[in-house]
Amino acid sequence: MNFISISYGLFLLSVLVIYWSLDRQRLRLCTLLIASLVFYASLSIQYIPLLLALTFINFRLGREIGNNTSPGQHSLDWQISNEEWQFAQADWNRRRLKLLWLGIILNVLLLLIFKYLPAILKLVFHLQINSPEGSLKFIAPLGISFFTFECIAYLIDVYRGAPATEQFLKFATYKLFFAKLISGPITRYHNLVTQFNTMHFPTSDRVAEALWLIARGAVKKGIFADNLGIFVDLCFGNLQRAGSADLWLATFAYGLQLYLDFSGYVDIARGSALLFGLVLPENFDFPYFSTSIAEFWRRWHMTLGDWLRNYIYFPLGGSRQGLTRTCWNLFVVMLIAGIWHGSAWGFVVWGAYHGLALAVHRLTDAMSDHHEKLEHFWQNPLGIVIAWLLTQLMVFTSWIWFRLPNLQDSSLVIQHLWGHAADAQFAQKVYVEALNISQYQLTGMLLMLAALMGILYAFNGRLKLGLNWPLKLVFVPLCLYAVWLLAPEGSLPYIYFDF
């Protein structure tokens with residue numbers, strides 16, 4: 001069931017009618033849970049038992065970690081000494097820590113099995129996994145990365161003192177909520193459960209905002225991302241024949257495709273949730289207008305960045321143990337982020353590249369703090385423009401390893417970025433026959449798309465100006481009609497479904 005499909009629209013409408021016709025919170029939660037299972041079954045029914053089992057295991061672990069977070073004086077004899085009470089408390093905390101590590105190891109082990117078992121089998125037994133001619137088929141559950149990250153976050157939050165839920169229905173509904181189940185945004189349990197307790201029918205402006213998010217997300221994905229994806233697939237699928245100009249165009253086109261594809265998904269997810277009176281966190285804040293790699297990661301996949309910061313970077317020591325240790329921690333965090341995305345070496349290179357960039361940025365910041373002229377340079381208009389250009393050049397070139405995680409392919413692209421002429425037949429097949437536009441026209445279209453994003457950033461990001469809700473309602477059917485007309489036949493799968 002694709003987010004951009006008539007079947008999803010009918011599904012969403014049916015669930016909404018049932019959901020808001022019920023008065024009791026428990027019945028509404030049951031409706032959401034059943035609907036989420038139906039939604040997931042339409043995509044990958046064989047893994048529903050696994051997700052339910054994992055949900056129950058993490059629920060039970062959370063309860064055990066959270067129950068009586070300290071033994072307390074009330075659980076001991078009133079004559080017990082303070083020293084004995086402290087020993088009892090230490091024993092209890094060690095038990096809680098062991099349960100936390102058990103939960104983390106179980107979740108990480110599951111993730112590693114699904115992420116890396118194919119690579120291990122290929123390496124050890126020379127099996128061709130996920131290949132039509134191979135001897136073994138291996139398909140990971142959709143959304144398993146987001147699922148396990150949320151579980152780990154919940155267990156750590158409970159260990160740190162947040163209350164553990166006693167109601168499996170609430171926890172299961174949170175974990176399996178169809179709007180965020182496949183590709184996020186990563187949502188903390190305690191942020192969503194408070195909304196479960198105050199489910200009110202959304203106001204007219206919220207309904208308009210929800211529909212606008214869905215329509216906007218459909219335009220991003222159906223019109224822009226999927227059409228860009230056709231060129232990207234053609235170019236990166238014919239690396240030997242593409243020229244340097246073609247590879248640069250494909251690199252920038254893929255960066256835009258990835259952003260529009262993923263942010264379009266999140267827009268539809270957030271809009272769908274808002275119709276149920278639930279607010280999911282934002283995941284993007286105009287990341288391609290960042291003037292540093294650190295700012296980029298505060299604006300790109302924000303919920304993943306927040307997860308990495310809270311559950312890996314801070315436990316490693318954050319920036320509290322000196323500049324050298326801070327740079328090392330940043331590198332380790334981004335290396336883990338790269339490994340999280342997949343088992344291919346290209347993802348490791350991508351993570352290491354971003355880790356090095358963050359470390360260099362931190363060193364540059366430290367130098368600027370000690371040199372007033374350097375700090376002033378980065379704050380004047382010329383310095384800001386240079387910082388933006390360097391940041392975006394780094395970000396967009398890093399997407400090469402993300403799109404082509406096979407190092408042989410990505411290395412070929414890097415080698416051919418300068419001074420490599422295209423095969424004469426490549427332009428005919430790609431630009432004339434497949435796209436029916438010239439290379440210059442495609443360049444102009446990419447520039448126009450970037451300019452449109454710049455205008456939206458100026459109005460929404462800087463001036464904080466937006467459409468009022470009646471105008472949004474007017475644009476909703478127009479956007480959906482445009483998607484129906486302009487989206488390519490057989491829409492491309494969401495890119496982050498692979499992660």
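Trainee: In which loop is the place of proline 185?

Mentor: We are looking at a predicted model, where local features need pLDDT of at least 70 and side-chain atom pairs count only at pLDDT 80 or more, while totals for chains, interfaces and linings use all residues. Residues are numbered from 1 along each chain as its sequence is written, and side-chain values use heavy atoms, leaving out hydrogens and water. Helices are DSSP runs (H or I, at least four residues), numbered from the N terminus. Proline 185 sits in the loop between helix 7 (178-181) and helix 8 (189-196).

Trainee: What is omega for the peptide bond that joins glycine 184 and proline 185?

Mentor: Most peptide bonds are trans. The bond joining glycine 184 to proline 185 is cis. Its omega is about 10°.

Trainee: Histidine 301 is not a glycine, so what is its phi?

Mentor: Most residues other than glycine have a negative phi. Histidine 301, found in the loop between helix 11 (293-299) and helix 12 (302-316), has a positive one. The value is about 40°.

Trainee: Is histidine 301 buried or exposed?

Mentor: Here buried means under 20% relative accessible area, exposed means over 50%, and partly exposed lies in between (1.4 Å probe, protein chains only). Histidine 301 has 0% relative accessibility, so it counts as buried.

Trainee: And asparagine 436, is that buried or exposed?

Mentor: Asparagine 436 also has a positive phi, near 60°, and lies in the loop between helix 18 (424-435) and helix 19. Its relative accessible area is 64%, so asparagine 436 is exposed.

Trainee: How many residues of helix 5 are buried?

Mentor: Helix 5 covers residues 144-159, and just after it glycine 161 takes a positive phi of about 125°. The helix is mostly covered. Of its 16 residues, the number buried is 15.

Trainee: How far apart are the end C-alpha atoms of helix 9?

Mentor: The expected span of a helix is 1.5 Å times one less than its number of residues. Helix 9 has 33 residues, so it should span 48 Å. The distance between its end C-alpha atoms agrees with that, at 45 Å.

Trainee: On which residue is the kink in helix 9 centred?

Mentor: A bend at a residue is the angle between axes fitted to the seven residues ending there and the seven starting there. In helix 9 the kink is about 35°.

Trainee: How much space lies in the second largest pocket?

Mentor: On a 1 Å grid over the protein atoms alone, a pocket is an open set of points where a 1.4 Å probe fits, with protein on both sides within 12 Å along at least five of seven lines. Grid points are joined across faces, edges and corners, and the volume is the space filled by probe spheres set on them. For the second largest pocket, this comes to about 1200 Å³.

Trainee: Which helix gives the largest share of the lining of the second largest pocket?

Mentor: Lining residues have an atom within 4 Å of a point. There are 35 of them here, and Trp212, Arg216, Phe286, Leu456 and Asn460 lie nearest the centre of the pocket. Helix 9 (204-236), helix 10 (244-275), helix 19 (439-462) and helix 20 (469-486) each supply at least two. The largest share, nine residues, comes from helix 19.
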